[in-house]
Amino acid sequence: MERYRKAFRKKVIPQYYSGKFHVVFFSMIQLSVILIIGTKCEWKIDSLLMVLLALGYASTFTYFLHRFLLHRKLPGFGWAFKMHHWHHTFYQSHSMEYDHLDDVYMLLMPPWIQIFYFVIYLPGLVFMAEIFLPQNLILPFAFGLTLWYGIYELVHWIEHLPATHWSMKLPFMNSARQGHAIHHSKLKDVANFGIVEPSWDYIFKTKF
Ligand SMILES: [Zn+2]
Ligand SMILES: [Zn+2]
């Protein structure tokens, strides 16, 4: 396994890549946006419900994107399939943990996707939400979407920590890791596409 991973790293990770920089870059942007939006929100019961609705939307989006875009070679999205294939090739059900911080190259979304998220995707959704939602719920909607992105990366990261790590004592984390390990097995194209939570897997009977 070690020899295989060594060869994989050499083939896939660019020489200039720094896992430490990637993690710091992601966390700083994520925390800054959460704080900026969070302090501008008017926190009332309807805005909290809006955050829950945004989390529900984002969880749905994650399930369908993972199942139908990352596990199928769709025209124009071969790059996304390839990146996800790297994730599944490097991390398998019997080798879910990373060895070095640079291994997050095959775990986290690349930095350019985070930039795309905040420069194109989020403003685009907010623009559309402005048509349907009252003004006071726009920022909570953006807050919920941003929160989801952070939760997604964090939960997926924890799912790739050793089974003995203290974080497995957190509620749901142990079962989430076990479920995700099944997704990293031979069942990868049929099982457990909900990386953070399994509701859509139960609805579509892809929960194993
Ligand atoms: Zn994974
Ligand atoms: Zn997958």
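Helices (H or I, at least four residues) and strands (E, at least two) are taken here as DSSP runs, counted from the N terminus. The model is predicted, so local features need pLDDT of at least 70 and side-chain atom pairs count only at pLDDT 80 or more, while totals for chains, interfaces and linings use all residues. Residues are numbered from 1 along each chain as its sequence is written, and chains are lettered from A and ligands numbered from 1 in the order in which they are written.

We can start with a pair of helices. Helix 2 (residues 19-40) packs against helix 6 (residues 138-159) at about 155°, and their axes are 9 Å apart; axes here are lines fitted to C-alpha atoms, for helices over the stretch in contact, with angles between N-to-C directions running from 0 to 180 degrees. That angle makes helix 2 roughly antiparallel to helix 6 (under 35 degrees is roughly parallel, over 145 roughly antiparallel, 65 to 115 roughly perpendicular, and the rest oblique). On the helix 2 side, the contact includes Phe26, Gln30, Val33 and Ile34, and on the helix 6 side, Leu139, Ala142, Phe143 and Tyr149 are among the residues involved. Two residues are in contact if their C-beta atoms, placed from the backbone, lie within 7 Å. Apart from neighbours within four places in sequence, Ile37 touches Leu139, Ala142, Phe143 and Thr146.

Ile37 also turns up in the largest nonpolar core, a group of 14 residues in which Ile37, Met50, Ala54, Phe141, Ala142, Phe143 and Leu145 have the most contacts. A nonpolar core is a set of buried Ala, Val, Leu, Ile, Met, Phe, Trp, Tyr and Cys residues joined through C-beta atoms within 7 Å. Buried means 20 or more other C-beta atoms within 10 Å of the residue's own, exposed means 12 or fewer, and partly exposed is in between, with C-beta atoms placed from the backbone. Helix 2, helix 3 (45-70) and helix 6 each give two or more residues to this core, and helix 6 gives the most, with seven.

Helix 3 also holds Asp46, which is exposed, with 12 other C-beta atoms within 10 Å. The C-alpha atoms of Asp46 and Leu137 are 7.6 Å apart, although 91 residues separate the two along the chain.

Most residues other than glycine have a negative phi. Asn192, not a glycine, has a positive phi of about 50°; Asn192 sits in the loop between helix 7 (173-183) and helix 8 (199-203) and counts as buried, with 22 C-beta neighbours inside 10 Å. Lys205 likewise has a positive phi, near 55°, but lies in the segment after helix 8 and counts as exposed, with 8 C-beta neighbours inside 10 Å.
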